[in-house]
Amino acid sequence: MTINYNFAFSFQLIPIITLILAWCVIAIFAYRMMKKQQVKPKAWKALVCVLVGLFSFSINFPSLWDTPIKISILPLGVWILYSFLKRKEGRWVTYRRFAWLGFWANFIFLAAALIAVLLQNVTYPKDELSTYMSNVENAKIRSIHPSGKTRTLDTDMLLKQIHNMSREKVQGNQWYYEKEFRDEKSTKRNERFPYQLFGTTSKWGSGLHPIIYLEADGKGILVSAPQKQLYFRSNEPLLKGEE
Amino acid sequence: MLNKRFVLIGLVGVFIILTAAAWFYWVNFSKPASFPANEQLIERMNKVFPTAAVKSIQDHVQVDERHVFVPFVSEEGRYGVSYWEWKKNKWKLLHIDNAGVPRLWKINSNDPSTFYIVWNSHPDDKVSYMKLYFIRDRGFQGHDGIETYIPKIQLEKKVTLTDKSYGVLPMPADWSAIMKSLQQAGNPNISDRLFDSVFPNINNLHFGFIPFDQSNQEAVIMNSVNGSSFTNGDINLDYISILSKSEIEEPLEQ
């Protein structure tokens, strides 16, 4: 079955701030060029030149982070502007700098993106449970498998444990084939993570919507975010009711 | 002179926007008229799709304000289904099928809470109840020492067919909550969106059902399958696969 994905706005605070800052830097450069030049260009035309100048041929390098590094090589927008503006004497000279500013702006955006990644990793540490789970007060669990008994979440215990849980390795292969969870001869099988946690939110501004599963023994939490899974164990069970 | 022209262009623009808004409103929010009478429905269906040979209408099941599910019986005694929508100020026949094996009707495919499972089971198949399933297979991945694990989802909902051969089941709250969460989690970040416009369906969700007879044995359905159908409009219908008990997990005894 396919579900269509509606692109609900995912709010990431830091990239938005750095993007705004990048535009401010470009605006400052444009303003200073404007001041310096003797032949004053029209402001809206200069703006158009910057925007067209942005258009470039670029190469994407896969990076260590989630954001690929995009390096612009050929200033296509600048060439287009040149071929268009050269027809009238002096026009190219007036707007040349703005077209090139557009091209170099690609690198300002690149810098902004890299700064955003760095800040993102500091503000929202990827290996900490609290990044993925910050509002626990209204949390509840739903059973996703018949082996998930009717137990309830111990919210107070979860609040207590959230910063003390230890991170452990996700044993996908082992959990999949696990012997103690299955009866080899029949269809009888338990699920290791038979509960899904609802009602929590990720840290404000992180833009993350992880899926969080709870382990049958009540002591494990599996956080499933795009391209990343984390597994945490607590000493005390986070579920109430009989096991 | 110049001002006059601007005013004129402005007026024309406002007029166009208002007309578009009114049209949009009319198409999407106009209050539905009462649903047509059975004779009219039969006439419409037989005209659009003569193969159906509709003889009598069993019921009008109002799915929501603008959608109606109409089960029917044909001249040859088949039990069929039809899907209707209030669209552009009239009741439109979207799809008609002369067999009523369960299907998933996604009214708004972006919103799992608007999904419905509909059926019309032939009485000769002697189905006394069905178990409907929402499933995601268990999975794992591992590369470069980094492993991931996908827990199995298997949720069940039992519906009885003893009173009526047909039915409409809205998504149980748990099912739609899980689908919504998966949908949100799959939502790429703003920066990623620029790079991948094609988004894969990573969730591998599916629906299934098992029909049972009176003595709790899996029923063989012969008359509710292999229908002929006709699509007359914009509708999102998914197949629901027939499962057997051997594909369903049960918890281990303690």
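How much area do domain 1 of chain A and domain 2 of chain A bury between them, and what percentage of it lies on carbon and sulfur atoms? The legends below take up this question first, for a predicted model.

**Figure 1. The interface of domain 1 and domain 2 in chain A of the predicted model.** The two domains bury about 320 Å² between them, with 39% of this area on carbon and sulfur atoms. On the side of domain 1 of chain A that touches domain 2 of chain A, the residues divide by class into 1 nonpolar, 2 polar and 1 charged. Contact involves 4 residues of domain 1 of chain A and 5 residues of domain 2 of chain A. Between these domains, 2 residue pairs are in polar contact, both residues at pLDDT 80 or more. The count of salt bridges across this interface is 0.

**Figure 2. Domain arrangement in chain A.** The domain assignment places domain 1 at residues 13–123 and domain 2 at residues 129–240 of chain A. Taken over C-alpha atoms, the centres of the two domains are separated by 45 Å.

**Figure 3. Secondary structure and overall dimensions of chain A.** Chain A contains 7 helices and 10 strands. Its radius of gyration of 27 Å is well over the 18 Å that the globule rule gives for 243 residues, so chain A is more spread out than a compact globule. The C-alpha trace of chain A extends about 85 × 40 × 30 Å along its principal axes.

**Figure 4. Secondary structure and overall dimensions of chain B.** In chain B there are 4 helices and 16 strands. The radius of gyration of chain B is 23 Å, whereas a compact globule of 254 residues would have a value near 18 Å. Along the principal axes of chain B, the C-alpha trace covers about 85 × 65 × 25 Å.

**Figure 5. A salt bridge between chain B and chain A.** Side chains of opposite charge can pair when their charged atoms come close. Here, the side chains of Glu147(B) and Lys169(A) form a salt bridge, with an N to O distance of 4.0 Å. Glu147(B) belongs to strand E10 (residues 146–150) of chain B, and its partner across the chains, Lys169(A), lies in the loop between strand E5 (166–168) and helix H7 (172–177) of chain A. Over all chains, the whole structure has 15 salt bridges.

Note on methods: Residues are numbered from 1 along each chain as its sequence is written. Chains are lettered from A and ligands numbered from 1 in the order in which they are written. This is a predicted model: local features need pLDDT of at least 70, side-chain atom pairs count only at pLDDT 80 or more; totals for chains, interfaces and linings use all residues. Side-chain values use heavy atoms; hydrogens and water are left out. Domain bounds come from an automatic or database domain assignment. Contact means heavy atoms within 4.5 Å. Buried area is the accessible area (1.4 Å probe) that two parts lose on being put together, summed over both. A polar contact is a pair of N or O atoms within 3.5 Å; within protein, one must be able to donate a hydrogen and the other to accept it, and residues adjacent in sequence count only if both atoms are side-chain atoms. Ala, Val, Leu, Ile, Met, Phe, Trp, Tyr, Cys and Pro count as nonpolar, Asp, Glu, Lys and Arg as charged, and the others, Gly among them, as polar. Helices (H or I, at least four residues) and strands (E, at least two) are DSSP runs, numbered from the N terminus. The radius of gyration is taken over C-alpha atoms; the globule rule is 2.2 Å times the number of residues to the power 0.38.
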